[in-house]
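Please find below a short note on the structure, arranged as numbered points. It is written for a reader who has the sequence and the model at hand.

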Amino acid sequence: MSCRCQQEKWQRDYAKQRDLAKKAAVLLDCPQVIYRTDDGRFGFVSEGNEYNGEFYEIITQY
């Protein structure tokens, strides 16, 4: 895959996880932490929970 394809794939994955994290933050009334795993995928957990990856962003419920 070209570098541009990888970049677009990364941006789509990040946008999807960020949108889900915003919804989860409002639903759970708890900030969510977005992190990036070693293989480049994104995920999120509630603040205070452990995660395996590099910190990326905090999404608040406001």
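1. Glutamine 32 has a relative accessible area of 2% and therefore counts as buried, the limit being under 20%. The model is a predicted one. Glutamine 32 belongs to strand S1, which covers residues 32–36.

2. The side chain of glutamine 32 has polar partners. One of its polar atoms lies 3.1 Å from the backbone oxygen of cysteine 30, and a polar contact of 3.2 Å joins its side chain to that of serine 46. Beyond four places in sequence, the residues in contact with glutamine 32 include Ala21, Phe44, Glu57 and Ile59.

3. Glutamate 57 also takes part in a salt bridge with arginine 18, with the closest N and O atoms 2.9 Å apart. This pair links distant parts of the chain, since arginine 18 is in helix H1 and glutamate 57 is in strand S3, 39 residues apart. Glutamate 57 is buried at 18% relative accessible area, whereas arginine 18 is partly exposed at 26%.

4. The whole structure holds four salt bridges. One of them joins the side chains of glutamate 8 and arginine 4 at 3.0 Å, N to O. Because these two residues are four apart in helix H1, about one helical turn separates glutamate 8 from arginine 4.

5. Aspartate 39 and arginine 41 form a salt bridge through their side chains, at 3.0 Å from N to O. Both residues are exposed. Aspartate 39 and arginine 41 are also among the residues that line the largest pocket.

6. The largest pocket contains about 190 Å³ of space. Helix H1 gives the largest share of its lining, four residues. By class, the lining has five charged, two polar and one nonpolar residue.

Conventions: Residues are numbered from 1 along each chain as its sequence is written. This is a predicted model: local features need pLDDT of at least 70, side-chain atom pairs count only at pLDDT 80 or more; totals for chains, interfaces and linings use all residues. Side-chain values use heavy atoms; hydrogens and water are left out. On a 1 Å grid over the protein atoms alone, a cavity is a set of points where a 1.4 Å probe fits but cannot get out, and a pocket is an open set with protein on both sides within 12 Å along at least five of seven lines; lining residues have an atom within 4 Å of a point. Grid points are joined across faces, edges and corners, and a volume is the space filled by probe spheres set on the points. Ala, Val, Leu, Ile, Met, Phe, Trp, Tyr, Cys and Pro count as nonpolar, Asp, Glu, Lys and Arg as charged, and the others, Gly among them, as polar. Buried means under 20% relative accessible area, exposed over 50%, partly exposed in between (1.4 Å probe, protein chains only). A polar contact is a pair of N or O atoms within 3.5 Å; within protein, one must be able to donate a hydrogen and the other to accept it, and residues adjacent in sequence count only if both atoms are side-chain atoms. Contact means heavy atoms within 4.5 Å.
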